[in-house]
Amino acid sequence: GNRVQPYQVAHLLRRKTVQIAEAVERISIRRAFTCYQTLALLESAEVQPYPYLLLDLLNSFYDDQVSDRETRRLVTLCLVEIKRLNQFAPLGILLAPPIVEERAFLMQMVCEQADEIYTPALSATPDRQERLF
């Protein structure tokens, strides 16, 4: 989420459409650095007829300075806001594996509310052989 490069988005758009201005007008990039900011951004987001894509939603919830109980409460409130935003337009959430195994329950909370879950298939063989020397 916080690692996305807006210039890369613009570059990719240029390869897909010549109507850059129209596409850019529908894109809003907002970043949260704490779990409290994540909730605040979701609460302030307006319902739009355009899709929402939430990248690395749980990253800020892995802060060990915030208790498990508090993170559970905040994620529950975020899920309420996500349902609100999803009423009139598609909404996708990309989740990375939990940074802290003790907080894996957060990913489970989000997945339990999802209409569909896509998990990338992992290759049984590495793409290339690693060299030892």
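Predicted model: local features only at pLDDT ≥ 70, side-chain atom pairs only at ≥ 80, totals over all residues.
## Basis of the model

Local features need pLDDT of at least 70 and side-chain atom pairs count only at pLDDT 80 or more, while totals for chains, interfaces and linings use all residues. Residues are numbered from 1 along each chain as its sequence is written, and side-chain values use heavy atoms, with hydrogens and water left out.

## Helix α3 against helix α4

Two packed helices are described by the angle between their axes and the distance between the axes. Helix α3 (residues 35–44) packs with α4 at an angle of about 20°, and their axes are 9 Å apart. Helices here are DSSP runs (H or I, at least four residues), and strands are E runs of at least two, numbered from the N terminus. Axes are lines fitted to C-alpha atoms, for helices over the stretch in contact, with angles from 0 to 180 degrees between N-to-C directions. The two helices α3 and α4 are therefore roughly parallel (an angle under 35 degrees). Their crossing is left-handed (the near helix is turned anticlockwise from the far one by less than a right angle; clockwise is right-handed).

On the α3 side, the contact (heavy atoms within 4.5 Å) is made by Cys35, Tyr36, Thr38, Leu39, Leu42 and Glu43. The α4 side includes Leu74, Leu77, Cys78 and Ile82. The residues of this contact divide into nine nonpolar, one polar and four charged. Ala, Val, Leu, Ile, Met, Phe, Trp, Tyr, Cys and Pro count as nonpolar, Asp, Glu, Lys and Arg as charged, and the others, Gly among them, as polar.

## Helix α4 against helix α5

Helix α4 (residues 68–85) also packs with helix α5 (residues 104–113), at an angle of about 20° with axes 10 Å apart. α4 and α5 are therefore roughly parallel to each other, and their crossing is right-handed.

From α4, Asp68, Thr71, Arg72, Val75, Thr76, Leu79 and Lys83 meet Phe105, Leu106, Met109, Val110 and Gln113 of α5. Six nonpolar, three polar and three charged residues form this contact.

## Pockets

The largest pocket holds about 1100 Å³ of space. A pocket is an open set of points on a 1 Å grid over the protein atoms alone, where a 1.4 Å probe fits, with protein on both sides within 12 Å along at least five of seven lines; lining residues have an atom within 4 Å of a point. Volume is the space filled by probe spheres set on the points, which are joined across faces, edges and corners. Of its 30 lining residues, Ser28, Ile29, Arg30, Leu53 and Leu54 are closest to the centre. β1 gives the most to this lining, with four residues.

The second largest pocket has a volume of about 750 Å³. Its lining has 24 residues, with Ile93, Val110, Ala114, Glu116 and Ile117 nearest the centre.

Notes. Parallel < 35°, antiparallel > 145°, perpendicular 65-115°, else oblique.
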